[in-house]
Amino acid sequence: MELLNLIEQTVQGLDYELVDFETSPRGRLMRVFIDSPNGITVEDCATVSNQLTRIFEVENIDYDRLEVSSPGLDRPLKKAADFERFAGQDVQLRLRMPIANQRNFAGVLQGLKDGVVTLETEKGPVEVPFEEIEKARLVPKF
């Protein structure tokens, strides 16, 4: 079973959302970022960490360190559902290929429709194909 699927099933089984997953170059360090509608506590991270540790043991997955944490206030947006869920929030996007000589955009996320993300920027609305987004994250307000 693929590692990402294993982690995602485990996290979802505990009623959390898998936001992101990273590994170090040789897979020695694994970072798992989780979220829930009520936010994430230290206890939530411990629960997921303990469950993943047991499952990795059973599946004979070799690693040195596992870190489980919340995605933070500048949470990355990865899945199509994220672009719907966080409509109305300030975001930053980086594209794989420039549109009109621009790769980086900032503005208020309007949502995702028919595979196109709409962003309200200072210069007006910008429409970006979802698959062209290299990186996207929320911009926290203070």
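Reader: Hi! Which residue in strand 2 does Glu22 stand opposite?
Author: Glu22 stands opposite Arg31 in strand 2. Strands here are DSSP runs of E with at least two residues, and helices are runs of H or I with at least four, numbered from the N terminus. This is a predicted model, where local features need pLDDT of at least 70, side-chain atom pairs count only at pLDDT 80 or more, and totals for chains, interfaces and linings use all residues. Residues are numbered from 1 along each chain as its sequence is written, and side-chain values use heavy atoms, with hydrogens and water left out.

Reader: Thanks! How many bridges join strand 1 to strand 2?
Author: There are 6 bridges between strand 1 (residues 17-23) and strand 2, and the two run antiparallel. Two strands pair if DSSP finds at least two bridges between them. They form a hairpin with 5 residues between them, and Gly27 in the turn has a positive phi of about 70 degrees.

Reader: And is strand 2 parallel or antiparallel to strand 3?
Author: Parallel, with 5 bridges joining strand 2 to strand 3 (residues 65-69). Val32 stands opposite Val68 in strand 3.

Reader: Is strand 2 mostly covered or uncovered?
Author: Mostly covered: 6 of the 7 residues in strand 2 (residues 29-35) are buried. Buried means under 20% relative accessible area, exposed means over 50%, and partly exposed is in between (1.4 Å probe, protein chains only).

Reader: Switching to helix 2, which residues are buried there?
Author: Asp44, Cys45, Val48, Ser49, Leu52, Ile55 and Phe56 are buried in helix 2. They cover an arc of only 135 degrees around the axis, so they sit on the same side of helix 2. That arc is taken from the directions from the helix axis to the C-beta atoms.

Reader: What do those buried residues pack against?
Author: The buried residues of helix 2 pack against helix 1 (3-13), strand 2 and strand 3. Contact means heavy atoms within 4.5 Å. On the other side of helix 2, Val42, Glu43, Arg54, Glu57 and Val58 are exposed.

Reader: What does the side chain of Asp82 reach?
Author: The backbone nitrogen of Lys78, at 2.8 Å. A polar contact is a pair of N or O atoms within 3.5 Å; within protein, one must be able to donate a hydrogen and the other to accept it, and residues adjacent in sequence count only if both atoms are side-chain atoms.
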